[in-house]
Amino acid sequence: MALSSVLLATGCGSPEQSGQDAKATAAVPAGFPVTVDNCGVKTTYDKPPSRVVTIHQHPAELMLALGLKDRMVGTAFPDSAVLPSLEEDYEAIPELAEKEPSFERVLDAEPDLVYGGYGSAFAEKEGRSREAFADAGIDTYLNREYCGKRRVTMKDTYDEIRTIGKIFGVPDRADQLVADLEGRVGKAAAEVEAEPEVPVFVYDSGDKAAFTAGGKSLGTELIRLAGGENVFADLDDVFGDVSWEQVIERRPEVIAVYDYAGAGSVEQKKKFLLSQSALADVPAIRNKRFVVLPLTATLVGIRSAYAVDDLARGLHPESFR
């Protein structure tokens, strides 16, 4: 559903009205209206949104990195510690819920846009469908990672940033942020370019089976850029279950542990893996080689560029001495 159009001043009306209209028109950045097709939902923005609720942490961090704190009226569902440089701004924004907020709680914040990180932000069974928000006169935007089952790459991150920059009328900021992140990725990748690829197993969670990152996940590309190879890159999904027998067969040399709230602490996950006698001969277990990544760092958002550096240092520490 499109945002309300900005009324242009006409020859009619009082001087006071004309002045107000001129001020409103001047406040709209060049390039508007902006039309965006997001996961099959086409939205025309006649002006930048001014009251935004973000559901999940990575959309909030992306907006803050673009200097859009003043447009944010609520956040929800933090996954992990916020980037230190954004922490103060993040904590200044009201948290609507520890998980996804109810439809009514979002409406209470009176947003003109709801920006969701995971598909669950707009769960129909919870009454938060995009259609429900549209009926209430509120626009929605879903992180492109959840637009469909396809391989996610760093290009998706850069495109996401530029699209949000376009919606909010700050394309120059978006370009500058993308350039910074590309620089971070390029620098880390260059440090390990000549090193042999290290086999990496991503451990998200699970005991009877291992829930891991598949070939369509952004995590697979982050590992590649960091000088590694996801041992389950052939898993044709973003995430999926694999057997422990498969983990043993593929002999990873490093285990990337995903850290996020509600799935057990990193120490609990390490303790579990190290306690499994069947895994004792897996090189990563035998040598206790773990790299910890916040889940938010493996999603389409600003943290993924930082993750490449963290991974590269964990996979090839000798390259950073």
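This is a predicted model: local features need pLDDT of at least 70, side-chain atom pairs count only at pLDDT 80 or more; totals for chains, interfaces and linings use all residues.
The buried residues of H12 are Arg 303, Ser 304, Ala 305, Ala 307, Val 308, Leu 311, Ala 312 and Leu 315.

Side chains of opposite charge can pair when their charged atoms come close. The whole structure holds 13 salt bridges, among them those tabulated here.

| Salt bridge | N to O distance |
|---|---|
| Arg 71 and Asp 70 | 3.8 Å |
| Glu 160 and Arg 144 | 2.9 Å |
| Glu 221 and Arg 224 | 3.4 Å |

Glu 160 and Arg 144 form a salt bridge that links distant parts of the chain: Glu 160 belongs to helix H6 (residues 154-167), whereas Arg 144 lies in the loop between strand S7 (139-142) and H6, 16 residues apart. Glu 160 is buried, with a relative accessible area of 0%, and Arg 144 is buried at 17%, the cut-off for buried being under 20%.

In the pair of Arg 71 and Asp 70, Arg 71 is buried at 18% relative accessible area, while Asp 70 counts as exposed at 61%.

Glu 221 and Arg 224 are 3 residues apart in helix H8 (residues 218-225), and are therefore separated by about one helical turn. Glu 221 is buried, with a relative accessible area of 8%, whereas Arg 224 counts as partly exposed at 44%.

Methods. Residues are numbered from 1 along each chain as its sequence is written. Side-chain values use heavy atoms; hydrogens and water are left out. Buried means under 20% relative accessible area, exposed over 50%, partly exposed in between (1.4 Å probe, protein chains only). Helices (H or I, at least four residues) and strands (E, at least two) are DSSP runs, numbered from the N terminus. A salt bridge is a side-chain nitrogen of Lys or Arg within 4 Å of a carboxyl oxygen of Asp or Glu.
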